[in-house]
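Here is a friendly walk through some side-chain contacts and surfaces, written to be read with the structure open beside it.

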Amino acid sequence: MMGFVLRRLLMSIPTFVIVAIMIFALVRALPGDAALLMLGGNIDDPAVLEQMRAQMGLDQPLPVQFLAWLREMLSGNLGQSILTGQDVGVLLWQRFGVTASVVSLAMLTALIVAVPAGLLAAHRHNGRTDYAVVFGSIVLLSMPSFWVGLMLLVLFGAILGWLPTIGFVSITEDLGRGMTYLILPVTALALTEIAVLTRMMRAGSLEVIGKDYITHARAKGLTETRVMWRHVFPNAFAPTLTMVGIMLAGLLAGAAVTETVFTLPGIGKLLVDSIYARDYPVLQGALLFIAAIYVLTNLAIDITYSFFDPKVRLT
Amino acid sequence: MTTRDDPILNIAGLKVSFGAAPVIHGADLTLHRGEIMALVGESGSGKSVLGRAILGLLPGGGRVSAGQIDFDGHDITAPDTPEELRRLRGRRIGMIFQEPLTSLNPNMRIGEQMAEAMRQHTDLGPRQIRDRAIDMLRQVRLKDPEALLNRFPHEFSGGMRQRIMIASVMMLKPALLIADEPTTALDAVVQREVLDIMADVARANGAAVLLISHDLAVVAAYASRVAVMEKGVLVETGATADVLRRPAHDYTRRLLASARLGQPAPVTGAAGTPLLTVEGLRVDFTESRLFGLLGRNVTHAVRGVSLDVRRGEFVGLVGESGSGKSTIGRAIARLAPKVAGRITFDGTDLDDCRGRAERRLRQRIRLVFQDPYSSLNPRMRIGRIVREGLRFDRDLSAAERRRRSLAMLDAVGIPAAMADRFPHALSGGQRQRVAIARALVSRPDLVIADEPVSALDVTIQAQILALLKQLQEEFGFACLFISHDLHIVEQLCARLVVLHRGRVMEQADTATLFARPRHPYTQRLMAASPRLEDGPEGLRLAKTAPPQAPEPGSPAFFDAQGTAAPYRLAEAAPGHFVALRGAV
């Protein structure tokens, strides 16, 4: 197990190098001059600009710039935001906390609803319950989450006035108030996830229900509840788990649209803002951070697999 | 007051249908306490459906449209509550399925799978349940049952899983055991063992058994009565000996005829240089751990095998699963990597064949696989499947290819009108015919047939064997016939090679081998597959002598259990080779 984790982490080093090169190249390819931006835009004296460039290392050849940047990154120094002067590492960590709480709550909610719903639909295959579940998930799937978010804001925020529509309070500061800010974004994200996961769970369960060992479990005289939860669920969950991994990594990397709709200070919003503001240190740091999230989430999912399939040995 | 003579199961006028299609039209069956009864029929005859109906577990869409199933005073077709039925399942009626590889939950430890039904049906504590489970595993003759409880199904072979299944089902001491083709998926040797164990355990616990099978010869030894089913109708029921001796129904007679397989008709080849020579073939399968840094796990699948096949000759390669017989076939077709040895085909060393020569070779050596359900691409029409066998023949026009493939389909008994169908529209036997046509369309010199009839019903087996014989006469190909069943290879093969754990145990021409099997392993194989034979008053079960203790003064046979012992193949009589222990 430890060996497996270690090996996977070693294998992710090339991934990071490639990602780093791409991020570096991409950011250099963006139009605009960082030094000019740093000086506040309009500069008449070219000497001042040159001096700024030299100070920022922009007069060096690109490979040298890259290595210098890489060295800083490796020593844990992600630089300071051009805009606010904040340390990028600290900034990322704060913003990630917001995104992570919204996304993980949404995923948890989605799993709690989708797994039983998928199992139930498969158990009542081609029955009314099954059709209702399938219909419900199609409806949810066809609504984009930002639109659902807007509608939720209109209903619960504007019309009913039950929940705040703008701003954010961290749950670590004030649990009760913090929760009120989380409810709507979590719901908006969870609804789409429920739709996808229910369908995965239903399809997986349908396949497993046809297997001999399920008939055998029934022939043993087990109750249907036990057959579904102890025999169908563990065998049918793997595809859903894959989906959870893909969605989780994507959302942690920034549910930019949702965060914008609900004005949440998350990592997605940070990324978008830093692009508009040409805040290169933040942009580079955020992209690298996102790559790390992808690698770690997938590793976590692969480890989780071994709990659902005894044949997967982590060696 | 129930007495011992009251039937435990009484089925009267049972009709089962799927949607509008009737599958069982009127079955009447009575089973007494402690009795073993065989229910025999081809696939699709409705015998499995009958077994499932007794449990009230018909597959999706099936329902009982008429009749009654009475089990020990409970009406299964109209239970008072669904709960009543569930309580009977497992506790009073146990069921064993055909596929041991798929009937245990891959995700649950053996101990838990055995215990859960006990917990559901009894008030026993975990300690007592564990003791019962260990006791049952001992009854099915598994070693070290304590350790076994913590393991997962995939760590066991098919035969062991089926024994675990028997232990788990019999643990609740059901009054009726339904065994649906419990050993069809297993090798002959293992099959015998598992059936023996099952019959013993059932007898020890006083359970009645309904033994469902397509193979009359296999079940006849265990059952006191036989019921024969054809297309949803029970056509004949009677005492086993009577049914064998005086079958009353026409279908029973046909079933018996095919179980007998008929007189062997060996296909001998031409004299002279052999078409195929294999010398000292070794195949290893290597699994490297952590890119080879932590060493490798090496499995020696084939450990130095030599054999030859003459032009137009059928040679049988026999052994249980894991003996390396399929690997040899695959190595000859260059589908398995060989570590050492020389394979010469028609004068050329296969190692020298590259590029064009290799493609030409692939037209001359063709394969037929065991499972016709997975060896044909489900998305290709059968005409195209056969035509594909000609794809490297660049001289042929499209029309010519079409003509040849249709002619070949016709030769295997598939009318040209069916060429546009997809494999799923064909029966198992028809699919295997298509697979044979695909192999023969390029007029190969050698066909490697890997268990070509093992997945088929007995009646179909006889047909396919006859077809192979007839096609051989027409096209004159040689064949390496791989099978676990000695009686199948006896039908067509002129010579036999008996394999065990990657080594040749015995090699001789078929008649000699059957008349005087020398190696104990060959004798065990022979005893394992029962056949029917003509007796003085009609058919009876063929008596195969149990393996005898070696006569004093006989040489020390090589035993594959101790693979480290020196091995040599000695010529016991002209052309008759036996594996002995000791240096050359």
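Helix H7 (residues 145–159) of chain A gives the largest share of a nonpolar surface patch, seven residues. Helices here are DSSP runs (H or I) of at least four residues and strands are runs (E) of at least two, numbered from the N terminus. The whole patch covers about 940 Å², and its members include Phe146(A), Trp147(A), Ile159(A), Trp162(A) and Val257(A). To join a patch, a residue needs over 30% relative accessible area and no salt bridge; nonpolar side chains (Val, Leu, Ile, Met, Phe, Trp, Tyr) are linked within 5 Å, like charges within 9 Å. Areas come from the Shrake-Rupley method with a 1.4 Å probe, and for residues only the protein chains shown count as cover.

Please keep in mind that this is a predicted model: local features need pLDDT of at least 70, side-chain atom pairs count only at pLDDT 80 or more, and totals for chains, interfaces and linings use all residues. Residues are numbered from 1 along each chain as its sequence is written, chains are lettered from A and ligands numbered from 1 in the order in which they are written, and side-chain values use heavy atoms, with hydrogens and water left out.

Exposed means over 50% relative accessible area, buried under 20%, and partly exposed in between (1.4 Å probe, protein chains only). Trp162(A) is exposed too, at 60%.

Now for the aromatic rings. Rings of Phe, Tyr and Trp (its six-membered ring) pair if their centres lie within 6.5 Å; planes under 30 degrees apart are stacked, over 60 edge-to-face, and the rest tilted. This rule gives ten aromatic pairs over all chains. Phe156(A) and Trp162(A) are a tilted pair, because their planes stand at 45° with the ring centres 5.8 Å apart. Phe156(A) is partly exposed, with a relative accessible area of 22%. In chain B, Phe314(B) and Phe477(B) are also tilted, at 40° and 6.0 Å between centres. Phe314(B) lies in strand S13 (residues 314–318) and Phe477(B) in the loop between helix H16 (458–475) and strand S18 (478–483), so the pair ties together parts 163 residues apart in sequence. Phe314(B) and Phe477(B) are both buried.

How many salt bridges does the whole structure hold over all chains? The search finds 37, each one a side-chain nitrogen of Lys or Arg within 4 Å of a carboxyl oxygen of Asp or Glu. Three of them are set out here.

| Salt bridge | N to O distance | Parts tied together |
|---|---|---|
| Asp130(A) and Arg202(A) | 2.6 Å | helix H6 and helix H8 of chain A, 72 residues apart |
| Glu181(B) and Lys47(B) | 3.5 Å | S7–H7 loop and helix H1 of chain B, 134 residues apart |
| Arg495(B) and Asp308(B) | 2.9 Å | strand S19 and strand S12 of chain B, 187 residues apart |

Asp130(A) is buried at 1% relative accessible area, and Arg202(A) is buried at 17%. Glu181(B) and Lys47(B) are buried as well. Arg495(B) is buried at 14%, whereas Asp308(B) is partly exposed at 23%.
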